[in-house]
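Hello,

I am passing on a structure for you to look through, and below it I have written down what was found. Please keep it open while you read.

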Amino acid sequence: MVMIPSFLSRSCRRHRPQRGNPKQLIALSLSVVLSCGGRPFSSSSVQALNTVVITGTTRTEGPPRPILGPRVAQYIRQRLEHRGHTVTAVLDPLELNLPLLEKPHFAYAPSQVPPQLEEIATLLEQADAYVTITPEFNHAPSPGLVNILNHFGSSKFSFKPSAIVTYSAGQWGGTRAAQGLRPILSELGCLPVSAMIHIPNVHQVLDTDGTVLESSSQNQNEKWDSYSDRCFSQLEWWAQAASNQRQLVDPFQVSPAFLQNPSQRNAP
Ligand SMILES: Cc1cc2nc3c(=O)[nH]c(=O)nc-3n(C[C@H](O)[C@H](O)[C@H](O)COP(=O)(O)O)c2cc1C
């Protein structure tokens, strides 16, 4: 059974790249540029994105501290929706309850893929961008988050951007976990944008409903929103650029997915 909350909208636009001959692609490229006054797209218009959020915590009880992940997920979801985006799914390792990797999606014959994996794969494929949220466990990203990622091949993620959100109950906000997550997302082809969101002492920053707590510091709310907006504006820029380019050139024709053997990546 697929444990993706049913209230989440799944009305996603497909971003199937258009195939065509080079002349048609050049013509399409020119029409995109010309229709925007010579610029590829307007900096003032932000395209609404279908985002998939993938969370990390699998803890069910404290100590240390209560479970803090849900409030971070709420805050991030609120910010994405505030910016006009759709969160098509929140993939929560505790709810999905995938086994510790036994057989990834890409290892099944197409007709044999378990329905749960297929449904997640479709959500990942249809997304414009990904937002990963992880606590820091022993200076590393959560194994629950990594386990979800490991179930799917790069063809589900690649040529789209991702954002890294980390948090901890301590003062470093999960920055070390972020460093561990970067190469994983890069390998999957959903390159993480440079601006990240790190939330230290998260129990003092966010309330249980994801709102920013008032504190001694003035304009705390605005400061956090501005901080997270920097990351999301980068995500939007890259997602829109990637979407435009996917319409012009099929990335999987230029760089086909490895389907046979990992040695296909090897240097000659
Ligand atoms: C196994 C384990 C390892 C942890 N390692 C770190 C760590 O390396 N750095 C850190 O800042 N906090 C660490 N913490 C504290 C977490 O930041 C804190 O428990 C946080 O609330 C975890 O997120 P969660 O509540 O969503 O599960 C660790 C907690 C656990 C349970």
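The protein has nine helices and six strands, where helices (H or I, at least four residues) and strands (E, at least two) are DSSP runs, numbered from the N terminus. Residues are numbered from 1 along each chain as its sequence is written. This is a predicted model, in which local features need pLDDT of at least 70 and side-chain atom pairs count only at pLDDT 80 or more, while totals for chains, interfaces and linings use all residues.

The pLDDT, which is the predictor's confidence in each residue, from 0 to 100, averages 85 over the protein, and 83% of the residues score at least 70. Over residues 1–43, however, the pLDDT is below 50, and where pLDDT is low, the predicted coordinates should not be read in detail.

Of the 268 residues in the protein, 32% are buried, meaning that 20 or more other C-beta atoms, placed from the backbone, lie within 10 Å of the residue's own. In helix α5 (residues 143–150), the buried residues are G144, L145, I148 and L149. They lie on the same side of α5, because they cover an arc of only 140° around the axis, the arc being that of the directions from the helix axis to the C-beta atoms.

Turning to the ligand, there are 16 residues around it, of which T57, G69, P135, S168 and G170 come nearest; a residue counts as near if its C-beta atom, placed from the backbone, lies within 6 Å of the molecule. Strand β3 (residues 129–137) gives the most to this shell, with three residues.

Best wishes

Note on methods: Buried ≥ 20, exposed ≤ 12 C-beta atoms within 10 Å, placed from the backbone. Contact = placed C-beta atoms within 7 Å.
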